[in-house]
Amino acid sequence: MGIAAWSLRRTCRASAASATLDPAGACLVWWQSAACHAYDPGLRPAAARLLPDCALVESSYRPEPIARTLLPARREFVERYLADPAPVGFYRLRRP
């Protein structure tokens, strides 16, 4: 699973989650998927509320909502969610 921030200029490109992306140099948009709220015992303690890549984005930038909603947390093959409903949305990333 990859968490990406998109740099929007003349073309769009995906970038890996990073604390070094420059929101002043480009319009950075982050898609926060339901997977950010999935439980994975191999990646983090149960007390954490977000997957590490998602937490990195939230702690490194100031996400401003563009569009967001809540989706029912439906368990499928292996998914377990810490939030029900699970928040999802597009956010513009700003400097903190």
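**Figure 1. Contacts across the chain and overall architecture of the predicted model.** Between residues at least 6 apart in sequence, 58% of the contacts in the protein join residues at least 24 apart, a contact being heavy atoms within 4.5 Å. Helices (H or I, at least four residues) and strands (E, at least two) are DSSP runs, numbered from the N terminus. The protein has 96 residues, of which 33% count as buried; buried means under 20% relative accessible area, exposed over 50%, and partly exposed in between (1.4 Å probe, protein chains only).

**Figure 2. The aromatic pair of Trp30 and Tyr91.** The structure holds two aromatic pairs. The ring centres of Trp30 and Tyr91 are 5.8 Å apart and the ring planes stand at 40°, so this pair is tilted. Rings of Phe, Tyr and Trp (its six-membered ring) pair if their centres lie within 6.5 Å; planes under 30 degrees apart count as stacked, over 60 as edge-to-face and the rest as tilted. Distant parts of the chain are linked here, as Trp30 belongs to strand S3 (residues 27-32) and Tyr91 to strand S5 (residues 86-94), 61 residues apart. Both Trp30 and Tyr91 are buried.

**Figure 3. The aromatic pair of Trp31 and Phe90.** With ring centres 4.8 Å apart and planes at 40°, Trp31 and Phe90 form a tilted pair. This pair also links distant parts of the chain: Trp31 lies in strand S3 and Phe90 in strand S5, 59 residues apart. Trp31 is partly exposed, with a relative accessible area of 31%, and Phe90 is partly exposed at 39%.

**Figure 4. The buried residues of helix H1.** Helix H1 spans residues 52-60, and its residues Cys54, Val57 and Ser60 are buried. They cover an arc of only 140° around the axis, which puts them on the same side of H1; the arc is that of the directions from the helix axis to the C-beta atoms. An α-helix has 3.6 residues a turn, so residues three or four places apart point the same way. The buried residues of H1 pack against S3 and S5.

**Notes to all views.** Residues are numbered from 1 along each chain as its sequence is written, and side-chain values use heavy atoms, with hydrogens and water left out. In this predicted model, local features need pLDDT of at least 70 and side-chain atom pairs count only at pLDDT 80 or more, whereas totals for chains, interfaces and linings use all residues.
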